[in-house]
Amino acid sequence: MQLDDVIATTSPDHARIKEAMDRSVRWLDRCIEEHKYPERQNLFCIIQGGLDLELRKQCCEEMVARDTPGIAIGGLSGGEAKEEFCKVVDTCTEILPEHKPRYVMGVGYPEDIVIAVALGADMFDCVWPTRTARFGDAIVSSGTLKLSHKSFADDFSPVEEGCTCTCCRPTDQGGLGLTRAYMHHITAKETVGAHLLTIHNVHYMLTLMGNIRQAIIEDQYPAFLRKFFSDIYGGDKSKFPKWAVGALRGVGVDLLADS
């Protein structure tokens, strides 16, 4: 990654946002000049510009002109409204070349990822799956399970039924066969609980990306999105977040339609 100048997404200081964008472009030029191993290291530029869509467009044009192997959209996940997040991602991906990977930095939650993919993003990174594991939280298809809660003390089902991670997979299939009750017991007492939930959570995220990829290949991504949100919100479409419904409608996907 190039070195970039990042400020708070929600900053009201337009002059400082533009300064950070211009500096990031200049720093990219210096990174390209000093890049010693282009044949085995892919340098990604990073789009800045805060929530100002015109600055984002300007930065995209400058960065695309440098022709780096990949392109990152930075400066998000800083407390901005989801609607603003979606506008920035959509604005940038409309300009960025389709044949290069588009990487949205600092994202994120599963809902953010599936929406950003629909808006044209390809790659993501975030500390959340591992950080939330340290609090005893497991990511599952219906949302997040707070396994430290006493309600799981006598729940002897897997962390998620059907999950093939090392923790959930039965012992006769080479896994550990751990239950929610076991994880409840150790999450508040042993650091290994965080390690085990990290394994599960990272596996969930990798599986999610694999399923996203397969749905796109099969031209079934709209149906995938409807099932994804239905699983999280128990089939109640009235609970689907308005920002997600609006963002998807903007790219021709009706989240509220019947599958």
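Reply: The chain is divided into domain 1 (14-105) and domain 2 (128-204), with bounds that come from an automatic or database domain assignment. The C-alpha centres of domain 1 and domain 2 lie 36 Å apart. This is a predicted model, in which local features need pLDDT of at least 70 and side-chain atom pairs count only at pLDDT 80 or more, while totals for chains, interfaces and linings use all residues. Residues are numbered from 1 along each chain as its sequence is written, and side-chain values use heavy atoms, with hydrogens and water left out.

A nonpolar core here is a set of buried Ala, Val, Leu, Ile, Met, Phe, Trp, Tyr and Cys residues joined through side-chain atoms within 4.5 Å; buried means under 20% relative accessible area, exposed over 50%, and partly exposed in between (1.4 Å probe, protein chains only). The largest such core has 52 residues, and V104, V114, I115, F124 and I212 have the most contacts inside it. At least three of its residues come from each of domain 1 (14-105) and domain 2 (128-204). Leaving aside residues up to four places away in sequence, I115 touches C86, F229, W243, A244, A247 and L248, where contact means heavy atoms within 4.5 Å. A second, separate core has 16 residues, including A138, V140, V159 and L197.

As for the cysteines, the structure holds zero disulfides, a disulfide being a pair of cysteine sulfur atoms within 2.5 Å. C59 is in none, and its nearest cysteine sulfur, that of C60, is 6.5 Å away. C59 counts as buried because its relative accessibility is 0%. C92 is also in no disulfide; its nearest cysteine sulfur, again that of C60, is 3.8 Å away. With a relative accessible area of 0%, C92 is buried.
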